[in-house]
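This briefing is meant for a reader who is meeting the structure for the first time. Please look through the sequence and the model below before going on to the notes, which are grouped by topic.

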Amino acid sequence: LNRGIQGSNNSCYMDSILFALFAGTDRLDRHLTKQTDNFATSLLAKLVVSPLRQRHFVSRDNVLQWREYMQRYLPDRCTEVRDENDAYEYC
């Protein structure tokens, strides 16, 4: 039985942050539902928050899709998602 967020390419820093923000609390949910016209927010809800809450598991494919989106639309702030990164190198 899988639980948590499955890592990929040294994604543990981002995985830990996403888990901390959304697994045990709904404090940020109003930001997810308030900005429904924001594609990034909708994608985060679809790929990470919903699977985490419903199945208690997020696959590495979902995390990779999220990281690829962030790299594509925030290239000046994000490193290549397939690189091995340290925490300070993430978005």
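Trp 66 and Tyr 69 both belong to helix α4, which spans residues 60-73, and they sit three residues apart, or about one turn of the helix. The model in which they are seen is a predicted one, and within it Trp 66 and Tyr 69 are both buried.

**Aromatic residues**

- A search of the whole structure finds two aromatic pairs, and in the one formed by Trp 66 and Tyr 69 the ring centres lie 5.9 Å apart with the planes at 25°, so this pair is stacked.
- The cut-off behind that label is that planes under 30 degrees apart count as stacked.
- An α-helix has 3.6 residues a turn, so residues three or four places apart point the same way.

**The nonpolar core**

- The largest nonpolar core has 17 residues, and those that touch the most other members are Leu 18, Phe 22, Leu 44 and Trp 66.
- Two or more residues of this core come from each of the elements α1, α3 and α4, and it is α3 that gives the most, with seven residues.
- Leaving aside residues up to four places away in sequence, Leu 18 touches Ile 5, Ala 23, Leu 44, Val 48, Leu 52 and Trp 66.

**The salt bridge**

- How many salt bridges does a search of the whole structure find? The search finds one, in which the side chains of Arg 53 and Asp 29 meet at 2.9 Å, taken from N to O.
- This pair links distant parts of the chain, since Arg 53 is in helix α3 (residues 39-55) and Asp 29 is in helix α2 (residues 29-34), with the two residues 24 residues apart.
- Arg 53 has a relative accessible area of 30%, and it is therefore partly exposed.

Definitions and conventions
Residues are numbered from 1 along each chain as its sequence is written. This is a predicted model: local features need pLDDT of at least 70, side-chain atom pairs count only at pLDDT 80 or more; totals for chains, interfaces and linings use all residues. Side-chain values use heavy atoms; hydrogens and water are left out. A salt bridge is a side-chain nitrogen of Lys or Arg within 4 Å of a carboxyl oxygen of Asp or Glu. Helices (H or I, at least four residues) and strands (E, at least two) are DSSP runs, numbered from the N terminus. Buried means under 20% relative accessible area, exposed over 50%, partly exposed in between (1.4 Å probe, protein chains only). Rings of Phe, Tyr and Trp (its six-membered ring) pair if their centres lie within 6.5 Å; planes under 30 degrees apart count as stacked, over 60 as edge-to-face and the rest as tilted. A nonpolar core is a set of buried Ala, Val, Leu, Ile, Met, Phe, Trp, Tyr and Cys residues joined through side-chain atoms within 4.5 Å. Contact means heavy atoms within 4.5 Å.
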